[in-house]
Amino acid sequence: MIKIATAECFTQGKIGRELHALAQDYEGDFGREYVKNLESYGDFDYNKLSVTCSLFIPTIEAVVKILKVKNPPKPNKLIKGIKVYDEKGDIEVSKIMARAVKDLTDCDIAIGTTAGIGRGGICIITDEYEISTTTDVYADLCENNSEDLFQRSQNGIRKTLELILLLLNDKFDEIEKLENIELNIL
């Protein structure tokens with residue numbers, strides 16, 4: 001069994017929910033919303049997946065108290081406790097969140113996402129790899145433009161799911177071909 005855990009901010013737990021639907025082979029309204037062409041990724045047996053938890057972590061307080069991160073980077077701004085970093089900070093904090101949820105749950109694959117000003121950070125960590133990237137959509141949480149924020153979120157969900165499916169099917173050459181990807185062997 002491959003255990004997955006997520007600590008999500010701007011993707012609001014939707015990555016974990018989609019992976020859970022995939023792992024459980026749910027259909028209809030309870031089924032997958034984002035992954036449509038599953039067979040195009042390879043022949044991985046998704047019955048071997050289990051979602052340990054999917055956490056929505058928008059605030060700095062949740063990073064500290066729930067993820068047990070001591071002294072996270074100071075946000076550029078707080079909006080009702082919600083952490084707002086620039087793009088570089090988001091990438092760093094997505095790594096911190098992924099590492100923290102991996103350590104807390106002892107899962108095999110951990111995902112961290114966070115976005116404030118910029119394209120938002122995404123990080124996937126396994127025992128062997130760290131994959132980090134950003135979305136392809138710019139938005140600014142301080143401007144409270146719901147459509148921009150929604151588009152960035154949707155792009156982040158889709159991009160993360162694509163990376164996970166490629167990872168599960170050992171398609172590292174395809175991961176490396178994607179734009180704006182940093183793949184590190186741990």
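**Strands, core and loops**

Colleague: How many bridges pair strand β5 (residues 109-114) with β7 in the antiparallel sense?
Modeller: Strands of a sheet pair through backbone hydrogen bonds, parallel or antiparallel. DSSP must find at least two bridges before two strands count as paired. Strands themselves are DSSP runs (E, at least two residues), helices are H or I runs of at least four, and both are numbered from the N terminus. For antiparallel β5 and β7 the bridge count is five.

Colleague: What pLDDT must side-chain atom pairs have in this predicted model?
Modeller: Residues are numbered from 1 along each chain as its sequence is written, and side-chain values use heavy atoms, leaving out hydrogens and water. The model is predicted: totals for chains, interfaces and linings use all residues, local features need pLDDT of at least 70, and side-chain atom pairs need pLDDT 80 or more.

Colleague: Which residue in β7 stands opposite T114?
Modeller: β7 spans residues 121-125. G121, C123 and I125 point one way from β7, and I122 and I124 point the other way. T114 faces G121.

Colleague: How many residues of β7 are buried?
Modeller: Buried means under 20% relative accessible area, exposed over 50%, and partly exposed in between (1.4 Å probe, protein chains only). Residues pointing either way from β7 are buried. The strand is mostly covered, with a buried count of five of five.

Colleague: Which residue in β8 is the bridge partner of I122?
Modeller: β7 pairs with strand β8 (residues 129-134) in the antiparallel sense over five bridges. The two form a hairpin with three residues between them. Across from I122, the bridge partner in β8 is T133.

Colleague: Which are the edge strands of the open sheet?
Modeller: Six strands form the open sheet, in the order β2-β1-β5-β7-β8-β10 and with mixed pairing. An edge strand here pairs on one side only. That leaves β2 and β10.

Colleague: What angle does the direction of helix α3 (residues 87-105) make with that of β5?
Modeller: Axes are lines fitted to C-alpha atoms, for helices over the stretch in contact; angles run from 0 to 180 degrees between N-to-C directions. Contact means heavy atoms within 4.5 Å. α3 packs on the sheet, touching β1 (2-8), β2, β5, β7, β8 and β10, and its angle to β5 is about 145 degrees.

Colleague: How many residues are in the largest nonpolar core?
Modeller: A nonpolar core is a set of buried Ala, Val, Leu, Ile, Met, Phe, Trp, Tyr and Cys residues joined through side-chain atoms within 4.5 Å. L19, Y46, L49, I124, L167 and I175 have the most contacts inside the largest one. Helix α4 gives the most to this core, with eight residues.

Colleague: Is K68 buried or exposed?
Modeller: Most residues other than glycine have a negative phi. K68 is not a glycine, yet its phi is positive, about 60 degrees. It sits in the loop between α2 (60-65) and β3 (77-79). Because its relative accessible area is 57%, K68 counts as exposed.

Colleague: What is the relative accessibility of N180?
Modeller: N180 lies in the loop between α5 (172-177) and β10 (181-185). N180 also has a positive phi, about 65 degrees, without being a glycine. N180 counts as partly exposed because its relative accessibility is 32%.
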